[in-house]
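Colleague: Could you take a close look at one part of this model for me? I would like to hear about a single residue and the surroundings it packs into.

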Amino acid sequence: MDISKLYEKAAEMLKKATDISGESKIEISSVTLINTAKDNVFAGVNWKRLNDSFEEEATCSETEAIIQMLLAGESEIQSIVTLTPDQKIPARPCQQCQELI
């Protein structure tokens with residue numbers, strides 16, 4: 001899939017996720033889409049949530065998308081797009097996600 005189409009798809013997913021988070025009062029921080037060498041797309045969403053101790057925790061959307069990809073038996077990333085609600089351009093993955101990618 002062309003990177004611009006992946007970006008458009010990520011923007012659509014971010015809008016849907018933001019709408020859902022507004023209704024549920026759960027904060028969203030990012031959406032990631034991965035396009036693999038086999039031209040499959042995998043998604044991850046980072047929802048900030050409270051754990052059993054009422055501490056805020058979150059998993060990176062990049063990690064979530066990579067897990068989905070690996071569970072499907074794929075491991076070769078062709079392109080990746082991460083978007084956040086407050087930016088109009090793709091976000092840079094954190095250091096931990098960069099190492100994982």
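Modeller: Happy to! Leucine 83 has a relative accessible area of 3%, and because that is under the 20% cut-off, leucine 83 counts as buried. Keep in mind that this is a predicted model. Leucine 83 belongs to strand 5, which covers residues 77-83. Setting aside neighbours within four places in sequence, leucine 83 is in contact with Tyr7, Ala10, Ala11, Leu14, Ser29, Ser30, Val31, Ile89 and Pro90. Leucine 33 lies 50 residues away along the chain, and its C-alpha atom is separated from that of leucine 83 by 8.9 Å.

Leu83 and Leu33 are both in the largest nonpolar core, which has 10 residues, among them Leu6, Ala10, Leu14, Val31 and Val81. Helix 1 (3-24), strand 1 and strand 5 each contribute at least two residues to this core, with the largest share, four residues, coming from helix 1. Apart from this core there is another, of five residues, including Ile34, Ala65, Ile66 and Met69.

Valine 31 deserves a look too: leaving aside neighbours within four places in sequence, its contacts include Ala10, Leu14, Val45, Val81 and Leu83.

Strand 5 also meets helix 2: the buried residues of helix 2 pack against strand 5, as well as strand 1 (28-36), strand 2 (41-47) and helix 3 (95-100). Those buried residues are Ser61, Glu62, Thr63, Ala65, Ile66 and Met69. After helix 2 comes glycine 73, with a positive phi near 85°.

How values were computed:
Residues numbered from 1 in each chain as written. Predicted model: local features only at pLDDT ≥ 70, side-chain atom pairs only at ≥ 80, totals over all residues. Heavy atoms only, no water. Buried < 20%, exposed > 50% of the residue type's maximum accessible area, 1.4 Å probe, protein only. Contact = heavy atoms within 4.5 Å. Core = buried A, V, L, I, M, F, W, Y, C linked by side-chain atoms within 4.5 Å.
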